Amino acid sequence: MRIDFHGITAGPEIFGDWAEEAEELGYDSIWMSETQHDPFVGLTAAALRTSRPAIRTGLAVVFARNPMTTAMLANDLQLVSGGRFALGIGSQLQTHITKRFNMPWSNPAPRMREYILALRAIWECFATDGRLRFRGEFYRHTLMSPFFNPGPNPYGPPPILLAGVGPMMTRVAGELADGFLAHIMTTRELLEGVTLPALRAAREAVGKSMDGFEIHVTPIVAVTDDERELHAAIRRAKESIAYYASIPSYAPVLELHGLGGLKDELYRLAGSGRAAEMPDAIDDSVLETFAIVGGSKEAAIKIYERFGGLATSVAFFQSIERSPEEIQPLHEALRRQVS
């Protein structure tokens, strides 16, 4: 299991420095999410300042972009990084796509399937200088003049890693992607009992195996070796759990763990304008189910017990970000576990 560094809200002006730190400290990959900043910008800085770690979006909101835009960005990052880039993508929630990005939304899993096929068709056009003739229900790309074609990428197209929660998007990941990005609320029970069987079945249906297929997890962590800081870290973890557990599309995750009543309570609080009270509904049992809590050594053991033998890589989700150097004790402790 590889150990990665994941930037959630860091801006590009500091992410290059953090990437250098992560490389020096031995992290295997450097990820950046699309939250407050464009991940392609931050990862370009990371790629130019490093030479060894993989460079990955985790995730880029592709329904906010058309396939041509994403294909060009990914192709350029593959060039800049010297073949170290992987395109981690996801759909985001409908309200964000329609109200924040003002982009169309419909049939997310079929749309994502077509989006990935369009990406691969565009990259094939770049590689072969052949005619671009992609016609689908949601996307059509039928023009590529020589002046706008960057030509073959010497490192080939980047791998595609798809995020999913529900069965339909998970099936698309198994059929078409090179890896799966698990949601931050993922547990061992969810991976073993639901996600991995669905991915395996989807790949078998199209004549593929799980060999080489990536499973990346990013658990919520409330980890510190300073007991004075632990209470605040736990509160932030509860806030993250409450937020995601209140989203209807994540309800099956709660129900799998017998937490349907919690789901109803969070819906009620959110609907009555009492969102500030939602973290108080997350008791210690729920916290331990969905987050990793404790000092570095204890947390490393918990992460390995939860994901060892299932995930191919792990990073740490922190709502208040710390630099690679600041979370190095957890990195070192987990490195000892996986070795």
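At the start of helix H8, a side-chain oxygen of Asp-226 comes to within 2.9 Å of the backbone nitrogen of Arg-228. This is a polar contact, a term for a pair of N or O atoms within 3.5 Å; within protein, one must be able to donate a hydrogen and the other to accept it, and residues adjacent in sequence count only if both atoms are side-chain atoms. Helices (H or I, at least four residues) and strands (E, at least two) are DSSP runs, numbered from the N terminus.

The model is predicted, with pLDDT of at least 70 needed for local features and 80 or more for side-chain atom pairs, while totals for chains, interfaces and linings use all residues. Residues are numbered from 1 along each chain as its sequence is written, and side-chain values use heavy atoms, leaving out hydrogens and water.

Helix H8 covers residues 227–245, and at 1.5 Å a residue its 19 residues should span 27 Å; the end C-alpha atoms are 27 Å apart, which agrees. The expected span is 1.5 Å times one less than the number of residues. Among the buried residues of H8 are Ala-233, Ile-234, Ala-237, Lys-238 and Ile-241. Buried means under 20% relative accessible area, exposed over 50%, and partly exposed in between (1.4 Å probe, protein chains only). The cover over the buried residues of H8 includes strand E12 (220–223), helices H9 (251–256), H10 (260–271) and H11 (284–290), and strand E13 (291–294).

Not counting residues up to four places away in sequence, Lys-238 touches Pro-279, Ile-282, Asp-284 and Leu-287, where contact means heavy atoms within 4.5 Å.

Gly-261 is placed in helix H10. This glycine is exposed, with a relative accessible area of 53%.

**Salt bridges**

The whole structure holds 19 salt bridges. A salt bridge is a side-chain nitrogen of Lys or Arg within 4 Å of a carboxyl oxygen of Asp or Glu.

| Pair | N to O distance |
|---|---|
| Arg-49 and Glu-20 | 3.0 Å |
| Glu-34 and Arg-65 | 2.9 Å |
| Lys-302 and Glu-298 | 3.3 Å |

Arg-49 and Glu-20 meet in a salt bridge. Arg-49 belongs to helix H2 (residues 39–49) and Glu-20 to helix H1 (residues 12–25), so the pair ties together parts that are 29 residues apart in sequence. Arg-49 is partly exposed at 35% relative accessibility, and Glu-20 is partly exposed at 28%.

Glu-34 and Arg-65 also meet in a salt bridge. Glu-34 lies in the loop between strand E3 (29–32) and H2, and Arg-65 in the loop between strand E5 (60–61) and helix H3 (67–80), so this pair ties together parts that are 31 residues apart in sequence. Glu-34 counts as buried at 14% relative accessibility, as does Arg-65 at 11%.

Lys-302 and Glu-298 both lie in helix H12 (residues 296–307), four residues apart, about one turn of the helix. An α-helix has 3.6 residues a turn, so residues three or four places apart point the same way. Glu-298 is partly exposed, at 42% relative accessible area. Elsewhere, Arg-2, Arg-56 and Glu-214 are linked in a network of salt bridges.

**Strand E6**

Strand E6 (residues 85–90) is mostly covered, with six of its six residues buried. Phe-85, Leu-87 and Ile-89 point one way from E6, and Ala-86, Gly-88 and Gly-90 point the other way. In a regular strand the side chains alternate between the two faces of the sheet.

Strand E4 (residues 54–57) runs parallel to E6 and is joined to it by two bridges; two strands pair if DSSP finds at least two bridges between them. Arg-56 stands opposite Ala-86 in E6. E5 also pairs with E6 in the parallel sense, over two bridges, and Val-61 stands opposite Gly-90.

**Ser-296 in helix H12**

Ser-296 lies in helix H12 and is buried at 7% relative accessibility. Its side chain makes a polar contact of 2.7 Å with the side chain of Asp-225. Leaving aside neighbours within four places in sequence, Ser-296 is in contact with Val-223, Asp-225, Pro-329, Leu-330 and Ala-333.
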